[in-house]
Every structure is written in C-alpha cells, then in structure tokens.
Amino acid sequence: MEKLNGLLRVRVIRGVNLAVRDLRSSDPYVIVKMGKQKLRTRVVKRNLNPEWNESLTLSVSDHILPIRIEVFDKDTFSRDDPMGYAEFDIHPFIEAVEMKANGVPCNQIHKKLVPNRQNCYAEESCIKCVEGKIIQDLCLRLRNVECGEVEIQLEWINIKSV
C-alpha cells in the first residue's frame, strides 16, 4: 500500500468566459483527475461563467503526479462535449507544506508562480500560509479550446498519524 502524505482539497470556484458548445450557451461541469482518482462537480445549466464553489478532496501519496482539470458540456442525447483542460504540478505546493512542517512562519507568501508557455496559469499564483493552512489560488487558462479559464483553490489537509 502506498504511503498517504495527506489530503488535497481542490475547491472549484468558477469558470470564466467558457466556450459555447450548445446553441448559445453550455451546461458545464468540471472533472478533477490525479493519477487514478477522478472527481466531478455538478452541472451548471446554460452558463458560460458558472459558479460551482464545490470542494473535492484528493488523497496524495505521490506529489509528482500532476492534477488535470477538464471541463465538459453536459449533453442529454450525445457524448458530452469537451470544453478544454488544464494541467498543473503540485510539487511547489507540497514543498510549501513541508516548509511549514519544518517551522517556517505562517501568514506569509511561500512562493509565487508566474504564467509562462509551459504552464496553464492565466495569472500569477501565490502559495501562502493563512491561519495555519497552506493555500494556493489558481486561475487556469484552458487548453485545446478557443477560450475559457477556471478558478480553483488548493488547501492541504494533514492526516494524523496513528
């Protein structure tokens, strides 16, 4: 059995300017994948700027695996239409978790990640410690689609050793 390092709460906040896949709108939902884990938000009907505000929790045993966010348009009589995807590495986030465990002070920014051609960040993303919790707010530009971004927040949840 793999060693469980902790839990990663992925709060899927909202979609911004998502692509039209139906007549004038879309019925979007998000799938969050890490390794063999796959979680999903609810569908927001007829909305290109949906507000999900849903927390999905992944177990983390290997911080080398990237997280993949996929957006789909829910269809009733046909296969759901892809609306783009984004991938990001959680290694910098895990490093901040380890720094906190080693006594690095809280209530400060641990690391800033900037957008570039190799990542999906739409804007600068800061990993910070707030009230004893490691948090990262991300705005991710969707790939393989004409437009769209997804805003999420990561939060680390420690697992108590028995």
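**Close-up views of a predicted model**

**View 1. Aspartate 27 and its surroundings.** A polar atom of the aspartate 27 side chain lies 2.7 Å from the backbone nitrogen of arginine 46. This is a predicted model, in which local features need pLDDT of at least 70 and side-chain atom pairs count only at pLDDT 80 or more, while totals for chains, interfaces and linings use all residues. Residues are numbered from 1 along each chain as its sequence is written, and side-chain values use heavy atoms, with hydrogens and water left out. Aspartate 27 is buried and has no salt bridge; lysine 45, the nearest side chain of opposite charge, is 4.8 Å away. Buried means under 20% relative accessible area, exposed over 50%, and partly exposed in between (1.4 Å probe, protein chains only). A salt bridge is a side-chain nitrogen of Lys or Arg within 4 Å of a carboxyl oxygen of Asp or Glu.

**View 2. The salt bridge between glutamate 155 and arginine 9.** The closest N and O atoms of this salt bridge are 3.6 Å apart. Glutamate 155 lies in strand 10 (residues 149-157) and arginine 9 in strand 1, so the pair ties together parts that are 146 residues apart in sequence. Strands are DSSP runs (E, at least two residues), numbered from the N terminus. Glutamate 155 is buried, at 13% relative accessible area, whereas arginine 9 is partly exposed at 29%.

**View 3. The salt bridge between lysine 128 and aspartate 137.** Their side chains meet at 3.4 Å, N to O. Lysine 128 is partly exposed, with 25% relative accessibility, and aspartate 137 is partly exposed at 32%.

Conventions:
Lys and Arg count as positive and Asp and Glu as negative; His and the chain ends are not counted. A polar contact is a pair of N or O atoms within 3.5 Å; within protein, one must be able to donate a hydrogen and the other to accept it, and residues adjacent in sequence count only if both atoms are side-chain atoms. Helices (H or I, at least four residues) and strands (E, at least two) are DSSP runs, numbered from the N terminus.
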